[in-house]
Amino acid sequence: MMTIRLEPMELAPGQRVLDLGCGHGRHLHAVYWDRTPVLAVGVDLDHANCAIALDKFFELPPPEPASDLRGAVLSAGDAGQLPFEDNTFDRIVCSEVLEHVPDPDLVLSEISRILKPGGIFVASVPRYWPEKICWFLAPAYPREPGGHVRIFRPNALKAAVERQGFRRYLRHWAHGLHSPYWWLQCALWDTRETSFLVRQYRKFLEWDLMKRPWLTRAMEAVLNPIMGKSVVMYFRKTA
């Protein structure tokens with residue numbers, strides 16, 4: 001399930017692309033299998049996530065076209081203290097991560113340090129008002145281990161990134177069909193693991209992900225600006 005879009009990232013052959021907080025590797029794999037051959041690097045705090053992301057590289061056939069410029073690397077690491085030299089990467093993705101970290105400004109400063117001048121940084125976080133509803137419906141929701149510790153207002157996130165030497169050039173929303181699913185989970189918090197309604201909605205989202213019928217694609221395109229679960233921002237680092 002992709003949250004970011006690859007086209008605005010302007011990928012070029014041979015670039016180094018970091019997926020920071022890669023999780024199971026959804027964006028890492030998308031970058032690796034894109035037709036533009038790049039070095040895709042995934043970093044996650046959880047070593048188990050890195051192992052899962054690595055395994056998924058072997059579930060699909062090799063990408064086309066074949067190229068010596070294409071590769072992938074995975075490492076466990078702390079987003080606040082990254083093991084890379086200054087100006088290492090051409091592109092950095094940080095999707096659904098900043099809401100989890102205790103000091104987002106520290107992470108953003110590290111991103112700025114390791115991104116080349118003129119490079120592109122893409123950040124996505126939960127949208128303010130759908131996330132606020134989740135916190136209201138389930139007070140325990142933000143206290144889950146590894147859960148969300150803050151809610152970002154879009155303008156505040158934009159300002160925080162731009163203080164590190166970036167300029168935003170694009171914004172969009174994603175996953176409009178997913179907001180009701182999370183509201184339903186939060187409304188039925190104590191029974192969400194066994195709830196028939198939660199289970200059926202999850203099956204609907206899984207079906208939509210696999211089949212991608214035109215009707216639900218059209219519905220999501222309409223719903224994203226209204227109630228998209230995530231806001232996605234694209235920034236360019238000033239030279």
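**Around the α4 and α6 pair**

Guide: Start where two helices touch: Trp129, Pro130, Ile133, Cys134 and Leu137 of α4 are in contact with Ser179, Trp182, Trp183, Cys186 and Ala187 of α6. Keep in mind that this is a predicted model. The two axes, α4 and α6, come within 8 Å and cross at roughly 15 degrees. An angle under 35 degrees counts as roughly parallel, so α4 is roughly parallel to α6. The crossing of α4 past α6 is right-handed.

Tyr141 sits in the loop between α4 (128-137) and α5 (154-162), and Trp189 sits in the loop between α6 (179-187) and α7 (196-211). What kind of aromatic pair do Tyr141 and Trp189 form? The pair is edge-to-face, with 6.0 Å centre to centre and 85 degrees between the planes. These partners are 48 residues apart in sequence, so the pair ties together separate parts of the chain. Are the two residues buried or exposed? Tyr141 has 8% relative accessibility, so Tyr141 counts as buried. Trp189 has 15%, so Trp189 is buried as well. The cut-off for buried is under 20%.

Trp189 has another neighbour. Arg192 lies over the face of Trp189, 3.7 Å from the ring centre. Thr191 belongs to the loop between α6 and α7.

Step back to the aromatic rings. A ring pair is described by the distance of the centres and the angle of the planes. With a limit of 6.5 Å between ring centres, the count comes to 14 aromatic pairs. One of them joins Tyr32 and Trp33, edge-to-face, at 5.0 Å centre to centre and 90 degrees between the planes. Tyr32 has 17% relative accessibility, so Tyr32 counts as buried. Tyr181, Trp182, Tyr201, Phe204 and Trp207 make up one aromatic cluster. Trp182 is also among the α6 residues that meet α4.

His175 lies in the loop between β6 and α6. What is the phi of His175? His175 has a positive phi of about 65 degrees, although His175 is not a glycine. Most residues other than glycine have a negative phi, and most peptide bonds are trans. His175 is buried, because its relative accessible area is 7%.

The peptide bond from Glu64 to Pro65 is cis, with omega near 0 degrees. Pro65 is in the loop between α2 (47-56) and β3 (71-76).

Finish with α5, the helix beyond the loop that holds Tyr141. Which residues of α5 are buried? They are Leu157, Ala160, Val161 and Glu162. These buried residues pack against α3 (104-114), β5 (115-126), β6 (166-174) and β7 (230-237). One more charge sits over a ring: Arg236 lies over the face of Tyr169, at 5.1 Å from the ring centre.

Notes:
Residues numbered from 1 in each chain as written. Predicted model: local features only at pLDDT ≥ 70, side-chain atom pairs only at ≥ 80, totals over all residues. Heavy atoms only, no water. Phe/Tyr/Trp six-rings, centres within 6.5 Å; stacked < 30°, edge-to-face > 60°. Buried < 20%, exposed > 50% of the residue type's maximum accessible area, 1.4 Å probe, protein only. Helix = DSSP H or I, 4+ residues; strand = E, 2+ residues; numbered from the N terminus. Lys NZ or Arg CZ within 6 Å of the ring centre and 35° of its normal. Axes fitted to C-alpha atoms, helices over the stretch in contact; angles between N-to-C directions. Parallel < 35°, antiparallel > 145°, perpendicular 65-115°, else oblique. Left-handed = near helix turned anticlockwise from the far one by under 90°. Contact = heavy atoms within 4.5 Å.
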